[in-house]
Amino acid sequence: MSTITTPAPRKVNRLGLEVLNYKGAKTTLCAGCGHNAISERIIECFYELGVEPWRVGKFSGIGCSSKSPAYFLNLSHGFNGVHGRMPALATGAILANRHILGLGVTGDGDTASIGIGQFMHLVRRNLPMIYIIEDNGVYGLTKGQFSATADVGSKLKTGVINDLPPFDCCALALKWGATFVARSFSGDKKQLQALLKAAIAHDGLSVIDVVSPCVTFNDHEGSTKSYSYMKEHEAVLHALDFVPAYEDISVDIPEGEVRDVQLHDGSHLRIRKLHRDYDPTNRLTALAAIEDAEKRHEVLTGVLYVNTEKPNFLELLHLTEEPLATLPESKVRPPKEALDEIMEELR
Ligand SMILES: Cc1ncc(C[n+]2csc(CCOP(=O)(O)OP(=O)(O)O)c2C)c(N)n1
Ligand code: SF4
Ligand SMILES: [Mg+2]
């Protein structure tokens with residue numbers, strides 16, 4: 001006699017989608033590469049928050065990190081641009097359709113070397129999008145040369161020592177006016193999840209610099225972007241919790257212990273003090289904390305800065321609520337009579 005078993009109910013999010021709907025192609029990156037862990041976090045966060053994947057525009061440049069958008073969110077739009085030029089691409093696409101949720105994934109080479117000028121203007125404009133820097137201190141794709149984020153004294157496998165001072169992408173983003181600046185580590189699952197979710201909710205540019213070890217070229221002793229270095233030198237600023245807008249927020253917060261930051265869509269970022277007081281709404285404190293940590297050879301992780309007041313690029317341009325891409329021709333082109341009139345005036 002055969003027994004009939006009922007299949008377990010499918011696990012779905014609030015849109016009725018399964019986690020499978022948020023996955024991408026099988027990764028071709030090296031096993032153990034930090035970038036793979038970041039892709040996993042992206043899949044989890046977009047699934048858990050119930051973001052419509054077809055609303056997302058994935059943008060990247062060139063590098064192992066920039067290849068990674070192929071490995072998550074298969075149902076989203078994807079634009080893989082020229083090395084270091086992803087910000088221009090994202091700016092054009094988001095201006096054309098402001099309903100796109102922009103997700104940029106780039107490397108330290110793509111951002112801090114060839115793309116530094118593009119990054120600078122993206123930050124200055126506060127374009128609403130998420131900008132993840134998968135920071136391994138090297139050009140992984142071209143066999144591990146030092147990038148501009150490599151620390152002084154960091155050693156390549158070949159024995160070459162870096163003696164050029166690094167760019168700190170978080171400090172630069174703060175200086176140039178970014179409205180959400182965070183640092184994390186690809187091995188810190190919980191922190192990275194909370195940061196990504198907050199970045200999805202933030203209505204401005206969110207810069208997240210994630211130390212993401214390159215196991216093939218920069219994970220040896222002497223490297224300052226290795227798993228073991230991060231385990232010993234990571235200084236976690238605070239514990240983070242993200243409460244989405246659709247969840248009940250009425251939970252008691254112990255006074256003085258937790259700071260609550262309300263984001264644009266009504267969700268909340270709960271920042272719980274760990275060893276010290278830290279005010280993530282003060283830009284100067286953030287810059288000082290980064291410098292201080294650098295002197296102590298520590299890597300500071302958490303929300304370094306958040307500003308929910310500053311207008312984003314689309315607001316500054318007074319763009320219409322309806323995306324330019326879907327506006328009818330009657331609204332975007334002056335009628336023939338108006339053009340004729342101008343021509344008449346020029347005669
Ligand atoms: C215009 C141009 N210059 C140089 C290269 C060679 N190149 C390809 S990827 C890369 C660096 C990638 O480093 P990063 O952005 O840190 O990504 P990772 O591979 O480390 O994730 C370079 C220099 C290129 N593809 N195009
Ligand atoms: S070379 Fe480095 S950065 Fe590229 S996939 Fe391998 S481990 Fe990752
Ligand atoms: Mg790199």
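## Salt bridges

A salt bridge is a side-chain nitrogen of Lys or Arg within 4 Å of a carboxyl oxygen of Asp or Glu, and the structure holds 16 of them. This is a predicted model, in which local features need pLDDT of at least 70 and side-chain atom pairs count only at pLDDT 80 or more, while totals for chains, interfaces and linings use all residues. Residues are numbered from 1 along each chain as its sequence is written, chains are lettered from A and ligands numbered from 1 in the order in which they are written, and side-chain values use heavy atoms, with hydrogens and water left out.

One of the salt bridges joins Lys225 to Asp151, whose closest N and O atoms are 3.4 Å apart. The pair links distant parts of the chain, 74 residues apart: Lys225 lies in the loop between β8 (205–211) and α8 (227–233), and Asp151 in the loop between β6 (145–146) and α6 (169–175) (helices are DSSP runs of H or I with at least four residues, strands runs of E with at least two, numbered from the N terminus).

## Helix packing

Helix α1 (residues 34–49) packs against helix α7 (residues 189–201) at an angle of about 55°, their axes being 9 Å apart (axes are fitted to C-alpha atoms over the stretch in contact, and angles run from 0 to 180 degrees between N-to-C directions).

Helix α3 (residues 86–96) and helix α5 (residues 116–125) cross at roughly 35°, and their axes come within 8 Å. Met86, Pro87, Ala88 and Thr91 of α3 meet Gln118, Phe119, Leu122 and Arg125 of α5.

The residues around ligand 2 (a heavy atom within 4 Å) include Cys30, Cys33, His35, Cys64 and Cys214.

Notes
Contact means heavy atoms within 4.5 Å.
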